[in-house]
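Please read them with the coordinates open beside you.

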Amino acid sequence: MTAPTAAARPAATAEVHRHRLANGLRLLVLPDPGSPAVGLAVAYGVGYRSESRSGFAHLFEHLMFQGSARLGPQEHARHVQANGGVFNATTHRDHTSYFQAMPAEALELGLFLEADRMRAPRITPEAIATQASVVAEEIRRTVTNRPYGGFPTFQLPQVLFDSFANTHDGYGDHASLAAATVAECADFFARHYAPGNAVLAVCGGVDPRQAVELAERHFGTVPARTAATPPDLAEPQLAVPRVLERTDRLAPLPAVAVGRRMPPPGTPGHLAAVVAAAVLGDGESSRLRRTLVRERRLATQVAAVAGLSGPFDSRDPDAFLVNAVCTPDASPRRTARAADEVLTDLAAQGPAEDELRRAVRRLQTAW
Amino acid sequence: MTPAAAPGAVLLPPLAPPRPVPPLEAVDTVLPTGLRVVAARRATAPVVQLRLGVPFGGSTARHAAAAELLSCTLLAGGPGADRAAVDDALAAVGGSLKAVVGPEELLVTGQVLAEGLPRLLAVLADCLTGAGYEPTVLAAERERLLHRVRLTGSMPARAARAALLRHCFGDHPATRETPAEEQVADVGRDEVAALHRTALVPRGAVLLLVGDVRPDRAVAETARLLGGWSSPHRAVRMAPLPAPAHRGEPVLAVPSPGARQCEARLAAPSLVRTDPGYPALLLADQVFGGHFSSRLVQRLREREGRIYSGRSAIEQRTGSALGTVQFASAPQHAAAAVDGTLDELAAVSGDRPPTGAEIAAARGYALGVQALVRSTQKGLADSLHGPLLAGLPLDWPDTVAALVRTVPDDEVRAAAAAHLRPEAYAAVLLGPPAPDRPLP
């Protein structure tokens, strides 16, 4: 096998075009002229750390599909799919994203549909009751009826942080969600779904000038209004380590996760933490895999992640995670101590040059 | 929350003219070793996707265990190499390889920065021609595999699938998607190495490269680097599936103490993708349950709030096909959700056949999604892999798309009536035993 070549060919970097509408909506266009498809996403600066009722931001995301200013319930999904597109939405810690991938010729339809619900969703008590029930099924499916469901992103924040905003999970519980009212939804929409609190991103087979023109046509008439200021999330660092134990009836082996605060986005340490996670946990030869899984047999699997919901997902404060499933004869504390030793060693010595290069190369093909 | 004009009268913006899709630049050839090699250019990123599929049928439970041990040890490398060295060599060119195996196929999936393709192929060739199955490596992988087998057993979705396959096909090899613990513990190193020699062979296998490649050059590189992987044997396909047993019988309750949700699985005979009736049935199935706007999802999720996700699909298996339905629902809703499913099957195959509007929407969805998937490197690789391994020509997806575009509505209705009748389905419902059912 030959030695690594000096540097990877830089990926062709497409130019990002930016535009701001008079109502405050920010537009990003990333053209890929040869593509027969377009992707469009509207992200609002509101997530589950913005909510005062557990799970409300996520329930509201479901309700954004229940009809809008000029469309009835389910029409959004029907129009996207009948025109050959796919759609979904996801509620994150600090933002909620609605997105479509469609044939390029359907771009204007997608913009019309998104603008219509930015103007006014149509939310009824019946829709709230049905979607609260759907969310309850979603929680059973992804958390309560699955081994290691929600682990560790549901549990770690409970000991890493103290405020409600930082500690609660994004799902909430059915009884609380079913009690949500139409008035509460109207208030949430008014506070958080203003055009000035949103970013519209378009990529794929689209001409940037045309994207600006179509965005102005469909979103330009959505009235500007003041959005709520983002929540204050800052918390002091932990004075002493904290430990939490939970029982999972479905888990065949114990799992352990260790979280620590990580450098905020935009600071030099943030990207370094993303690369450190790759050095530690990405690939068979990564430090944690080599040490914990193969040499010391303390874990059957191990991962390192820069961010409770992955890298580039949320504001400060966020956490750097190491997560391992322990072998039957390793205690979780012993496995956690061994992981800490690996981190301490990396912190003291730094990565070797070729180790760093491998991690960066892998990240290049990961996105 | 905003009383607005009644919906339905909205003038939607028009569609732009469709963009012409350039023909796929590709080479499709068979090496002297019997390996079919396909390289297709899709230069959207400086990356190449690799798929190597080898038919991997077997008749015994021991085969399933040996195949799993083989797949998780294969990429530990040739003699003298170790897994970390193999992984380092790949990572240096942004590459990765992984192998999985099922009752029908052993599949190696890889990706690499375009300049590193020769190294990816060289590493793969080393593993295919010289995997050592060193006893210490095998012992460690066996231990990890046993943990994975136990974890799989505790996953309700996987347990439900296993229950459905047992219910429909008894002891057929297709039911062995997860090996048995005692077999994994028992299979020896020599058995794994022998399986590699006789079954992991190029004749009958397909290697697919999709990405930033010149197809002729990529095929030449493959011939050079993988030419030494040869065998007198031919890869073995799984025995075809019979029609599911227990069709039209009441749903089989499978107790799963402590479960918080019921998992429903249904299966019926369906049509293979080369059947002339397939395009029509594909659209009928889409109308019934194949996408979010389908009757099944609209009823169970959007009107009744009884499921989060659920869908029907036509699963292509070796020489046969299965029409499946799956969803999960709270224990107190599950029986009603199964009844609702059977009602919708009865309606779509009986007195409420697919409407013109439903068929048009299903057609638009099927064609659009296929075009979307094929616009990305990974999507194109994954969508070509199955038909190629089944021995179909490279342009098979285009052939099906043309048929889906033109199949008459009446044929779609006839397909629904013939294949989506509730009595064609066998069903299992995995969940808490009745007295154990938790409160909502």
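1. A definition to start with: axes are lines fitted to C-alpha atoms, for helices over the stretch in contact, and angles run from 0 to 180 degrees between N-to-C directions. Helices (H or I, at least four residues) and strands (E, at least two) are DSSP runs, numbered from the N terminus. With that in hand, look at chain B, where helix α9 (residues 278-290) and helix α10 (residues 295-303) pack with their axes 5 Å apart, at an angle of about 0°.

2. Two residues are in contact if their C-beta atoms, placed from the backbone, lie within 7 Å. This contact of α9(B) with α10(B) divides into four nonpolar residues, one polar and one charged. Here Ala, Val, Leu, Ile, Met, Phe, Trp, Tyr, Cys and Pro count as nonpolar, Asp, Glu, Lys and Arg as charged, and the others, Gly among them, as polar.

3. A word on provenance. This is a predicted model, in which local features need pLDDT of at least 70 and side-chain atom pairs count only at pLDDT 80 or more, while totals for chains, interfaces and linings use all residues. Residues are numbered from 1 along each chain as its sequence is written, with chains lettered from A and ligands numbered from 1 in the order in which they are written.

4. On confidence, the predictor gives the complex an ipTM of 0.91 and a pTM of 0.92. Chain B averages a pLDDT (the predictor's confidence in each residue, from 0 to 100) of 93, and 95% of its residues score at least 70. Please treat two stretches of chain B separately: pLDDT stays under 50 over residues 1-7, for which the model has 20 contacts beyond four places in sequence. Residues 436-440 of chain B also stay under 50, with eight such contacts.

5. Now the interface. Chain A contributes 70 residues to the contact and chain B 67 residues. On the side of chain A that touches chain B, the elements giving two or more residues include α2 (75-82), β5 (96-103) and α4 (125-144). The largest share of that side, nine residues, comes from α4(A). By type, the side of chain A that touches chain B has 30 nonpolar, 20 polar and 20 charged residues.

6. For overall shape, chain A has 13 helices and nine strands. Its radius of gyration is 23 Å, close to the 21 Å that the globule rule gives for 367 residues, so chain A is as compact as a globular protein of that length. The radius is taken over C-alpha atoms, and the rule is 2.2 Å times the number of residues to the power 0.38.

7. Finally, some backbone details to check. A cis peptide bond joins A:F151 and A:P152, with omega about 0°, and another joins A:D316 and A:P317, with omega about -5°. A:P152 is in the loop between α4 and α5 (156-160) of chain A. A:Y148 lies in the loop between α4 and α5 of chain A, and its phi is near 60°, a positive value in a residue other than glycine.
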